[in-house]
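Please keep the sequence and the model at hand while reading.

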Amino acid sequence: MKEKFQKIWTTKITGQQVYIFSLVLYLFFAFLQNSTFHAYLGSRPFNLVSYLVVGLLVFKIIFLDDYSSIQRGIIFLILILAIISWLKSKSNLIIVMMAFILSGQGVSFRKVIKYYYNITLIIFAVVVTSSLLGIIKNLIFVVKGRAIRYSLGIVYPTDLAARVLYLLLAHAFLNFEKLNWKYYFSYFLIDVVLMKITNARLSVLCILIMIVALIIAKTASNYPDGISRLFFSMYWMAAPILSFLAIIATYFYDGENHIYTKVNHLLSGRLSYGSLAFYNYRIPLLGQKVVEHGLGGNSGLRIFHHSNQGYFFIDSSYMRLLMIYGLLMLLIVIGIIMTISIKATLNKNFVLPTVMLIVVISCMVEQHLLELSYNPFLLALLTSCKPTNYRMKGKFNNE
């Protein structure tokens, strides 16, 4: 027994172990925070875990990672900017995400996605089951002219739909070599059921786009000289273009323009609320406190039942980055997305740029870009993500 304890005590802790432990711990609490379990837990455990995780990841960067002095200096400069943005915005999402992104050295990205998929799927099943059994609330939203919308233990139906979207992206990433019409049809069936439950049109549309984009990526991997390869090679451009369009369209929103009005209606008022953010707040360089009142959770349901009186929320991830976390953080995050996509494209990794394309499209209208329990794909920046060779037999070559 003494020898076993000595062996455990002398076992070397690796950077990947610290990273994966931090990831699993954070995913567990972050998921519950976004469910109606929140009514029992409150925000304190989630915040404490967030700070603990950031501390562990900074420890990994300092003592377990092998960066050059210049690389370490750049990393800590970005972390300092993220800390300032966090303190000004009062939202710790930015520092948590940046800590995970910048401490990824020596970690297998495929392993990250495996853990994300398995942990998230298990907790998702527990939350949905708990809501159906009445252990936690299953919030139901009824809007005139739309189907009844169920959240199944998640704080809002669109968040439930986004959960499914990101789980499907992770599943497609892990099974890219095996993707065929059976997988695509399964994704489509899930999409149909999701529409019936949530009526979340935007996430449902993103899943349809995901299926088409995956077909293009598989075709590109099989036919190097085909037109699919040309489409695939341009995916990296989506982040700067779509983020620019989302911000400019919101900035110049005109409620008296009938085209703008129609688009705003299709987007459930996202343009008008984003425009209100420009009216009420300045564009900060490094973050500011923005007071929001969303429709998620019990408090949001009360706002919903009072004809949305007092509702104000910035849905677009790019608008959130700009108005809450600041212009510098917007540019840094867009740069990270572009770098991930370009590197993967050059390495002939066909699935990662495809996944990033869907993330970028979804984030035009959804707020989950910096929420790790939804979106783990920004962690590909410094983690090990080797190219996939579709023609190779055997296991997925991403480790």
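What volume does the largest cavity have? The largest cavity has a volume of about 30 Å³.

## Basis of the report

The model is predicted, and local features are reported only at pLDDT of at least 70, side-chain atom pairs only at pLDDT 80 or more, while totals for chains, interfaces and linings use all residues. Residues are numbered from 1 along each chain as its sequence is written, and side-chain values use heavy atoms, with hydrogens and water left out.

## The chain as a whole

The chain contains 18 helices and two strands. These elements are DSSP runs numbered from the N terminus, with helices (H or I) of at least four residues and strands (E) of at least two. Of the 399 residues in the chain, 53% are buried. Here buried means under 20% relative accessible area, exposed means over 50%, and partly exposed lies in between, with a 1.4 Å probe and protein chains only.

The chain exposes about 19,000 Å², of which carbon and sulfur atoms supply 67%. Such areas come from the Shrake-Rupley method with a 1.4 Å probe, and for residues only the protein chains shown count as cover. Among contacts between residues at least 6 apart in sequence, 72% join residues at least 24 apart; a contact means heavy atoms within 4.5 Å.

A search of the whole structure finds one cavity of 30 Å³ or more. A cavity is a set of points, on a 1 Å grid over the protein atoms alone, where a 1.4 Å probe fits but cannot get out, and lining residues have an atom within 4 Å of a point. Grid points are joined across faces, edges and corners, and the volume is the space filled by probe spheres set on the points. The lining of the largest cavity consists of Phe29, Leu32, Gln33, His38, Leu41, Gly42, Pro45 and Phe46. Helix 2 (15-33), helix 3 (38-41) and helix 4 are the elements that give two or more residues to this lining, and helix 2 gives the most, with three residues. By class, the lining has five nonpolar, three polar and no charged residues. In this scheme Ala, Val, Leu, Ile, Met, Phe, Trp, Tyr, Cys and Pro are nonpolar, Asp, Glu, Lys and Arg are charged, and the others, Gly among them, are polar.

Phe29, one of the lining residues, lies in helix 2. Phe29 counts as partly exposed because its relative accessibility is 21%. Apart from neighbours within four places in sequence, Phe29 is in contact with Pro45, Phe46 and Val49. The C-alpha atoms of Phe29 and Asn47, 18 residues apart along the chain, are separated by 9.1 Å.

## Asp65 between two helices

Asp65 is located in the loop between helix 4 (44-64) and helix 5 (69-89). Asp65 counts as buried because its relative accessible area is 8%. The side chains of Asp65 and Lys60 are joined by a polar contact of 2.7 Å. A polar contact is a pair of N or O atoms within 3.5 Å; within protein, one must be able to donate a hydrogen and the other to accept it, and residues adjacent in sequence count only if both atoms are side-chain atoms. Not counting residues up to four places away in sequence, Asp65 touches Lys60, Arg72, Ser103 and Gln105.

Leaving aside neighbours within four places in sequence, Ile20 is in contact with Lys111, Val112 and Tyr115. Ile20 and Tyr116 are 96 residues apart in sequence and 9.6 Å apart in space, C-alpha to C-alpha.

Ser384 is placed in the segment after helix 18 and counts as partly exposed, at 30% relative accessibility.

## Loops with positive phi

Ser268 lies in the loop between helix 13 (258-266) and helix 14 (270-280). Its phi is near 55°, a positive value in a residue other than glycine. Ser268 counts as partly exposed, at 40% relative accessibility.

Lys348 is found in the loop between helix 17 (327-346) and helix 18 (351-362). The phi of Lys348 is near 60°, again positive in a residue other than glycine, and Lys348 is partly exposed at 46% relative accessibility.

How values were computed:
On a 1 Å grid over the protein atoms alone, a cavity is a set of points where a 1.4 Å probe fits but cannot get out, and a pocket is an open set with protein on both sides within 12 Å along at least five of seven lines; lining residues have an atom within 4 Å of a point.
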